[in-house]
Amino acid sequence: MGKHFENLIAQVKKYPMKKISVAAAADSNVLSAVKEAKEKGIADAILFGDETKIKEIAAEVGMDVSQFEIRNYTDPIEAAHEAVKLVHDGGAEMYMKGLLSTKDFLKSILDKEVGLRTEKKLSHVCVFEIKGIDRLLFLTDVAFLPYPTLEDKVDIIANTVEVANACGIEMPKVAPIAAVEVVNPKMPATVEAAELTRMNEDGTIKGCIVDGPLSVDMALSHEACVHKNALDRKITGDADIFLFPDIHAGNIAYKFIVHTTEFLNGCILTGTKAPAILTSRSDSTETKLNSIALASVVAEHLKNN
């Protein structure tokens, strides 16, 4: 384990060190991840939040806060407002959620004056390194958009292709996932998957290969494609991006992987002016560190493109 995320971290170290703006930073896993990110040369951070609490938690996790700038805001909402404004104004390249509700974090991102909104739809991507699979898997959307429309899915693909490009995948293969791999008019997910494939073929969706609808087994397993006599498909077990029909399918897949496999992962919110690190409070320090590394390669990609 560790080959893919180790490669990402090694790549990040070649870039000028990025800066994270952390909203409501008084959280032990967040501070531990920020501490490790700086020690490993991945990223520096500016910590927004209750300075007293930040220092207390930092002492508990063995973090030397004299190495970081702290901006004291006891109100988490105000801390988020100022933290996102720093990114908006170019003072940091990444925005990270600390001890703050996801709702309030997203409100700060969508702030019309100081937020990070763009014309694109926001979407969440989780990147997995799973033991036994020889590539990174990009799962979307597993945490943000409940019922994406066809138009939303076009944006989700564009957002996730950008992340895959940043991770070194020049022409990612996108599998719009459904229960079956043929179009069934009674199953809307298959109809939309076929339309996304058509849009890719006519050049509306660029920079990737889309082949749907696809069942998970055909997206993951070449052997499954052999058994189903489906070797004429554009994706034969080698999908990079798994586009789920809705948040239920995506979240079920995410949690199944987390609870049944040996894995590493990192998650970010995309479609923003700068990468937003949106992880669960229950996520490990390692996942938060991987998310910082992922956001760093995306930030570098955005700067260069």
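Author: Let us start with a term: contact means heavy atoms within 4.5 Å. This is a predicted model, in which local features need pLDDT of at least 70 and side-chain atom pairs count only at pLDDT 80 or more, while totals for chains, interfaces and linings use all residues. Residues are numbered from 1 along each chain as its sequence is written, and side-chain values use heavy atoms, with hydrogens and water left out.

Reader: Thanks! Leaving aside neighbours within four places in sequence, which residues is Gly266 in contact with?
Author: Gly266 is found in strand β10, residues 263-270. Helices (H or I, at least four residues) and strands (E, at least two) are DSSP runs, numbered from the N terminus. With neighbours within four places set aside, the contacts of Gly266 are Phe5, Val125, Cys126, Val127, Thr287, Asn290, Ser291 and Leu294.

Reader: Is Gly266 buried or exposed?
Author: Buried means under 20% relative accessible area, exposed over 50%, and partly exposed in between, using a 1.4 Å probe and protein chains only. The relative accessible area of Gly266 is 0%, so Gly266 is buried.

Reader: How far apart should the ends of helix α11 be, at 1.5 Å a residue?
Author: The expected span of a helix is 1.5 Å times one less than its number of residues. Helix α11 has 20 residues, 285-304.

Reader: How many of the 20 residues of α11 are buried?
Author: Helix α11 is largely enclosed by the rest of the structure. We can say that because the number of buried residues among its 20 is 16.

Reader: How is α6 placed relative to α11, given the angle between them?
Author: Two packed helices are described by the angle between their axes and the distance between the axes. Axes are lines fitted to C-alpha atoms, for helices over the stretch in contact, and angles run from 0 to 180 degrees between N-to-C directions. For α6 and α11 the angle is about 95°, and the axes are 8 Å apart. Angles under 35 degrees count as roughly parallel, over 145 as roughly antiparallel, 65 to 115 as roughly perpendicular and the rest as oblique, so α6 is to α11 roughly perpendicular.

Reader: How do the residues of the contact of α6 with α11 divide by class?
Author: On the α6 side are Glu162, Val163, Asn165 and Ala166, which meet Leu294, Val297, Val298, His301 and Leu302 of α11. Ala, Val, Leu, Ile, Met, Phe, Trp, Tyr, Cys and Pro count as nonpolar, Asp, Glu, Lys and Arg as charged, and the others, Gly among them, as polar. The contact therefore divides into six nonpolar, two polar and one charged.

Reader: Now for α6 and α7: which residues make the contact?
Author: Helix α6 (residues 150-166) and helix α7 (residues 188-201) pack at an angle of about 55°, with axes 11 Å apart. That makes α6 oblique to α7. The contact is made by Leu150, Lys153, Val154 and Ile157 of α6, together with Glu192, Glu195, Leu196 and Met199 of α7.

Reader: Is Lys153 buried or exposed?
Author: Lys153 sits in helix α6. Not counting residues up to four places away in sequence, Lys153 touches Pro148, Glu192, Leu196, Leu243, Phe244 and Pro245. Its relative accessibility is 5%, so Lys153 counts as buried.

Reader: What is the relative accessible area of Leu145?
Author: Leu145 is found in the loop between β6 (137-140) and α6. Leaving aside neighbours within four places in sequence, Leu145 is in contact with Lys121, Leu122, Ser123, Ile156 and Ile247. Leu145 is buried, with a relative accessible area of 10%.

Reader: What is omega for the cis peptide bond that joins Gly212 and Pro213?
Author: Pro213 lies in the loop between β8 (209-210) and α8 (216-220). The bond joining Gly212 to Pro213 is cis, and its omega is about 5°.

Reader: Is Asn229 buried or exposed?
Author: Asn229 is in the loop between α9 (222-227) and β9 (241-243). Its phi is near 50°, a positive value in a residue other than glycine. With a relative accessible area of 70%, Asn229 is exposed.
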